[in-house]
Amino acid sequence: MGEGGAGTGGPVVRGFPHLETVRSAITALYRRLSPEGVARYATGIAPADVAFGDADDLYPGAQRVAGALVRHLRLPRARVVVGFRRMEHAAAVELTAGPEYFVELNDRFRTHRRDVGAALAHEVTHVLLHRLGLEFPGERDNEILTDTVTAYLGAGWLLLDAFRQDAVSSQKLGYLTPEEFGYVLAKRALVFGEDPSVWFTSPQAYTAYTVGRAEALRDLRRPPLRGAGRADRWRYARERREARGRLGGPGEAGAEYVFTGGPDGLRVAFSCPVCHQRVRVPVRGWVRARCGLCRTVLECDT
């Protein structure tokens with residue numbers, strides 16, 4: 001039996017402190033589901049499906065929203081039972097063999113119903129990952145995995161939209177920063193052509209999405225991809241010359257790109273801008289490569 005929780009409260013961390021874990025989570029998702037499996041989630045959950053107003057009955061309304069998320073995340077044989085209690089976290093779920101899963105929401109959601117869908121999205125994704133056998137070691141990284149998958153599979157816009165700030169208070173759900181949620185949502189949008197920003201009701205969510213989208217677009221402009229900017233191309237050319245001078249010795253682990261030598265000459269390894277799987281191609285000018293994981297065709301100037 002396990003438990004997962006959607007965090008809230010405390011100062012709001014900004015920026016991209018978890019970006020490498022987020023990228024690893026996207027890679028893990030593609031490996032577990034395959035590109036065809038991920039494509040089944042090309043349409044995000046609609047606002048009408050998770051709308052929950054003050055006029056709705058509390059428990060039937062929460063069950064309806066949970067059911068919509070179960071269907072969206074394609075858990076047909078799972079039933080989520082929702083309760084409310086005082087607790088530190090926003091929500092928690094008991095991860096059992098199923099088919100019933102018990103989710104507890106913080107008592108404050110009795111009156112903050114517009115964010116019930118956001119809290120449930122994280123917890124129902126915990127159920128999906130439990131069913132898939134997909135997890136990261138350590139609570140922090142596993143929660144980042146859960147947030148990332150929630151966003152990438154079309155329900156995480158709810159978590160970003162729950163981010164609100166004014167002169168006297170702030171609220172954020174989930175473990176990713178607002179900008180990291182924006183980054184994952186933008187990565188999804190670039191693959192499926194779905195713009196989640198039209199669903200945002202929070203101005204702070206829209207701003208964070210634009211910052212995250214700018215970072216996601218930078219993934220498409222890193223060498224040796226053809227979309228790289230002039231300064232990055234010059235840096236890449238200089239490092240390529242240095243690599244040839246040392247016969248393509250081992251590069252820095254985790255670097256943006258790494259040159260290696262071999263019997264067939266110099267090669268460069270870099271991250272796929274879609275799934276972040278490592279791609280390795282020969283250094284010989286214009287090259288078209290296909291990512292072995294997500295099968296994206298990449299235009300490169302090596």
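Visitor: Which residues line the largest cavity?

Guide: In this predicted model, the lining of the largest cavity is made by A151, G154, W157, L185, R188, A189, E194, P196 and W199. Helix α7 (residues 178–192) supplies the largest share of that lining, with 3 residues, and the volume of the largest cavity is about 40 Å³.

Visitor: What makes this space a cavity, whereas the other space is called a pocket?

Guide: A cavity is a set of points where a 1.4 Å probe fits but cannot get out, while a pocket is an open set. The structure holds 1 cavity of 30 Å³ or more. The largest pocket, by contrast, has a volume of about 440 Å³, and among the 20 residues that line this pocket, E20, R23, S271, H276 and R278 lie nearest its centre.

Visitor: Why is the pair of Y236 and Y257 called edge-to-face?

Guide: Two ring centres must lie within 6.5 Å to count as a pair, and planes over 60 degrees apart count as edge-to-face. The centres of Y236 and Y257 are 5.0 Å apart and their planes stand at 65 degrees, so the pair meets both conditions and is edge-to-face. This pair links distant parts of the chain, with Y236 in helix α9 (residues 230–245) and Y257 in strand β7 (residues 257–260), 21 residues apart.

Visitor: What makes the pair of Y236 and F259 tilted?

Guide: The angle between the planes of Y236 and F259 is 50 degrees, and their centres are 5.3 Å apart. Ring pairs join Y236, Y257 and F259 into a cluster, and the count for the structure comes to 8 aromatic pairs.

Visitor: Are Y236 and F259 buried or exposed, and how do you know that?

Guide: A residue is called buried if its relative accessible area is under 20%. Y236 has a relative accessible area of 0%, so Y236 is buried, and F259, at 4%, counts as buried as well. A243, which has its place in helix α9, has a value of 0% and is therefore buried too.

Visitor: How do you know that the charge of R108 sits over the ring of F109?

Guide: The rule asks that the CZ of Arg be within 6 Å of the ring centre and within 35 degrees of the ring normal. The charged end of R108 sits over the ring of F109, 4.5 Å from its centre, and this distance is therefore inside the 6 Å limit. R74 likewise lies over the face of Y41, at 5.8 Å from the ring centre.

Methods:
Residues numbered from 1 in each chain as written. Predicted model: local features only at pLDDT ≥ 70, side-chain atom pairs only at ≥ 80, totals over all residues. Heavy atoms only, no water. Phe/Tyr/Trp six-rings, centres within 6.5 Å; stacked < 30°, edge-to-face > 60°. Helix = DSSP H or I, 4+ residues; strand = E, 2+ residues; numbered from the N terminus. Buried < 20%, exposed > 50% of the residue type's maximum accessible area, 1.4 Å probe, protein only. 1 Å grid on protein atoms, 1.4 Å probe; cavity = no way out; pocket = protein on both sides within 12 Å on 5 of 7 lines; lining within 4 Å. Points joined across faces, edges and corners; volume = space filled by probe spheres on them.
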